[in-house]
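Dear colleague,

Please find below the structure that I am passing on to you. I would be grateful if you would look through it before reading the notes that come after it.

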Amino acid sequence: MRIVITIGGSILLKEYDNKKFEAYAEIIKEINKEHEIFIVVGGGRPAREYIGVVRDMGESESICDEIGIQVTRINARLLQLALKDCSYPAIPENFQQALEFSATGKIVIMGGTEPAHSTDAVGSILAEYVGADLVINATSVDGLYDKDPNKFDDAVMFTEVTTSKLLEIVSGNETKAGTYEFIDKTAIEIIKRSAIKTVIVNGNNPENVRTAITEPIGTLITN
């Protein structure tokens with residue numbers, strides 16, 4: 001099976017140390033024994049902080065995005081280092097490069113690609129581009145909720161949700177650089193048109209990523 005795993009930067013860098021990178025590296029190596037793996041890494045807090053600095057300089061949202069993309073590629077490089085020889089030793093800057101690098105049989109790890117595309121969007125487009133069978137989105141909560149569970153105690157998690165329902169939920173969300181709410185519209189539209197099986201799991205426990213391949217966990221997005 002060809003699998004795209006997206007990992008939020010806030011998960012990998014929650015404590016600003018090497019532990020989560022290495023924990024993920026161990027799980028990814030195990031998955032890679034039976035499956036072909038592509039990974040997209042987000043920017044997390046470091047990206048948001050840098051974007052805040054750039055925005056305070058009065059720069060455009062596109063420039064803010066550019067800075068955020070650079071941070072995602074640094075995070076991708078850190079995970080690449082944790083995976084050592086299992087990973088391809090360069091970070092692709094676009095989907096064509098990712099596909100080319102995968103021909104070596106190595107795990108391909110990338111960050112962002114272009115302005116206005118979140119980690120979720122990059123992961124979904126990559127999955128479509130390489131013909132992936134499954135996308136696993138490792139985020140900071142247990143799945144997709146009807147509203148932010150960090151802000152609302154009565155938030156309800158979906159075990160399964162359609163792309164049409166998701167588009168309704170996110171229709172009013174911001175698209176500024178560094179903002180994130182659930183999963184963005186571009187990602188959902190790609191999932192919808194490609195009918196790619198996508199599962200949202202709590203990435204704070206890397207083991208959930210492996211579980212999502214064979215067992216019901218988190219939120220399944222369907223058409």
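The notes below describe what was found in this structure, which is a predicted model.

Of its 6 residues, 6 are buried, so strand 4 is largely enclosed by the rest of the structure. In a regular strand the side chains alternate between the two faces of the sheet. In strand 4 both faces are covered: L134, I136 and A138 are buried on one side, and V135, N137 and T139 are buried on the other.

Strand 4 pairs with strand 1 in the parallel sense, over 5 bridges. Within that pairing, I7 has A138 as its bridge partner in strand 4. Strand 4 is also joined to strand 8, again in parallel, by 6 bridges. Here the bridge partner of V135 is T198 in strand 8.

Strand 8 in turn is joined to strand 9 (residues 219–222) by 3 bridges, and strands 8 and 9 run antiparallel. Strand 9 is also linked to strand 7 (residues 160–162), by 3 bridges in the parallel sense. L220 of strand 9 takes part in both pairings: L220 is the bridge partner of E160, and L220 is also the bridge partner of V199.

**Helices 2 and 9**

Helix 2 covers residues 19–32, 14 residues in total, and its first and last C-alpha atoms are 20 Å apart, close to the 20 Å expected at 1.5 Å a residue. Its buried residues are K20, F21, Y24, A25, I27, I28 and I31. These pack against strand 1 (2–7), strand 2 (36–41) and strand 4 (134–139), and against helix 1 (9–12), helix 4 (61–83) and helix 9 (207–214).

In helix 9, the buried residues are N208, V209, T211, A212 and I213. They pack against helix 2 and against strands 1, 4 and 8.

The loop between strand 8 and helix 9 contains P206. Is P206 buried or exposed? Its relative accessible area is 11%, which is under the 20% limit, so P206 counts as buried. Leaving aside neighbours within four places in sequence, P206 is in contact with K20, A23, Y24 and I27. P206 and A138 are 68 residues apart in sequence, while their C-alpha atoms are 8.2 Å apart in space.

**Two buried charged residues**

K20 belongs to helix 2. K20 is buried but has no salt bridge, and E15, the nearest side chain of opposite charge, is 7.4 Å away. What does the side chain of K20 reach? It comes to 3.1 Å from the backbone oxygen of N204. Not counting residues up to four places away in sequence, K20 touches I11, L12, N204 and P206.

D184 is found in the loop between helix 7 (163–170) and helix 8 (185–194). D184 is likewise buried without a salt bridge, and the nearest side chain of opposite charge, K185, is 10 Å away. The side chains of D184 and S118 are joined by a polar contact of 2.5 Å. With residues up to four places away in sequence left out, D184 touches S118, D120 and A121.

**Salt bridges**

Side chains of opposite charge can pair when their charged atoms come close.

Another salt bridge joins E30 and K33, with the closest N and O atoms 3.0 Å apart. E30 is partly exposed, with a relative accessible area of 36%, whereas K33 is exposed at 63%.

R73 and E93 also form a salt bridge, and their closest N and O atoms are 4.0 Å apart. R73 lies in helix 4 and E93 in the loop between helix 4 and helix 5 (95–102), so the pair ties together parts that are 20 residues apart in sequence. R73 counts as buried at 15% relative accessibility, while E93 counts as partly exposed at 47%.

With kind regards

Notes
Residues numbered from 1 in each chain as written. Predicted model: local features only at pLDDT ≥ 70, side-chain atom pairs only at ≥ 80, totals over all residues. Heavy atoms only, no water. Helix = DSSP H or I, 4+ residues; strand = E, 2+ residues; numbered from the N terminus. Buried < 20%, exposed > 50% of the residue type's maximum accessible area, 1.4 Å probe, protein only. Lys, Arg positive; Asp, Glu negative; His and termini not counted. Polar contact = N/O pair within 3.5 Å; in protein donor to acceptor, adjacent residues only side chain to side chain. Contact = heavy atoms within 4.5 Å. Expected span 1.5 Å × (residues − 1). Pairing = 2+ DSSP bridges.
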